[in-house]
Every structure is written in C-alpha cells, then in structure tokens.
Amino acid sequence: PPLEVVKAPPEVPKPTVPAIDVVKGSLSESMVTLTQKYRLESLTLASQDGLVIASTGKAPEQDAAVYSGLFQELYKVKHEPYYYVESKDVSLYSVESGAQNVIGVAHRKGALSPDEVKAIREDTRKVIDRFAAAGRKS
C-alpha cells in the first residue's frame, strides 16, 4: 500500500540558526550568504582602524568608520564580543582572525540571540580565514 503522507504541524519559527555553510566561492557570495542566514538587512566587516573588508550594505565606508570606533569605545567600558545599539538597530561584534581583530556591523531590527552571536562570530571567522587571509600578503 502507498505510504501515508503525514502532514507535520506548521513550523513555529524558532530563533535557531539554520545550518548553512557560509563559505562560498567568493568573499562577496559568502557575505551575501551570511547576511541571509542571519536575516540581516546588511553586514559590513571592518578592520579595527575603520576600513571596509567586505560588505553587503549601501554605506559600508560609513559603517566601517563609525561603528569600528563605537565598538572600541564600548569595549573600553565593558569587554564584550557583542553589543546591540538599539537606537540604530545595529549589532556590533568582534572576531579575531590571525593577528587582526575584525568588527562586524550587522543591521537588523532586534538584537541577535546569544546562539546567533556565537554562530555569526564563528561563521564570520570562517569567511575571514578563507578570504581575508588569502588577500593579505605579508
């Protein structure tokens, strides 16, 4: 007899992080995947001195300059790897990759959950290790 199709109850969206591999063929593809995976409006990765490493945003230079500075100000006050700036709907996080610290500037309404923070930092590190390291000639 044909197998009976059991309809699953409708999924209640949980704030779990989808298991999507963010490392794609290029840095820009990886950035788009990161942005989609975490339901962000945009994501900019900046160096500590405020330069754009990669971005899916419309004003990456501004994001990089303004928010890398803000991250460092916040970090002086309270050593955390993640801050949510409610007035700007922006999440700031840091990732260490090799010798450099990278600041993530994620635009999205609402803070990232602790699970998302942990995951986006790991994912960002993978992308940076894969691409930024390749671009650095020492």
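## The largest nonpolar core

In this predicted model, the largest nonpolar core has 21 residues, and those touching the most other members are Leu34, Leu40, Leu43, Leu45, Tyr93 and Ile120. At least two residues of this core come from each of helix H1 (27-37), strand S1 (42-47), strand S4 (90-97), strand S5 (100-107) and helix H3 (114-135). H3 gives the largest share, seven residues.

Leaving aside residues up to four places away in sequence, Ile120 touches Leu34, Tyr38, Leu40, Tyr93 and Leu112. A second, separate core consists of eight residues, including Tyr83, Val90, Leu92 and Val105.

The model contains eight salt bridges. One of them joins the side chains of Asp123 and Lys37, at 2.8 Å from N to O. These partners lie 86 residues apart, Asp123 in helix H3 and Lys37 in helix H1. Asp123 counts as buried because its relative accessibility is 4%, and Lys37 is likewise buried at 7%. A network of salt bridges links Lys37, Asp123 and Lys126.

Glu116 forms a salt bridge with Arg39, with 3.8 Å between the closest N and O atoms. Glu116 belongs to helix H3, whereas Arg39 sits in the loop between H1 and S1, 77 residues apart. Glu116 is buried at 3% relative accessibility, while Arg39 is partly exposed at 48%.

Glu73 and Lys76 form a salt bridge whose closest N and O atoms are 3.2 Å apart. Because they are three residues apart in helix H2 (residues 60-77), about one helical turn separates them. Glu73 is partly exposed at 46% relative accessibility, and Lys76 is exposed at 61%.

Definitions and conventions: Residues are numbered from 1 along each chain as its sequence is written. This is a predicted model: local features need pLDDT of at least 70, side-chain atom pairs count only at pLDDT 80 or more; totals for chains, interfaces and linings use all residues. Side-chain values use heavy atoms; hydrogens and water are left out. A nonpolar core is a set of buried Ala, Val, Leu, Ile, Met, Phe, Trp, Tyr and Cys residues joined through side-chain atoms within 4.5 Å. Buried means under 20% relative accessible area, exposed over 50%, partly exposed in between (1.4 Å probe, protein chains only). Helices (H or I, at least four residues) and strands (E, at least two) are DSSP runs, numbered from the N terminus. Contact means heavy atoms within 4.5 Å. A salt bridge is a side-chain nitrogen of Lys or Arg within 4 Å of a carboxyl oxygen of Asp or Glu.
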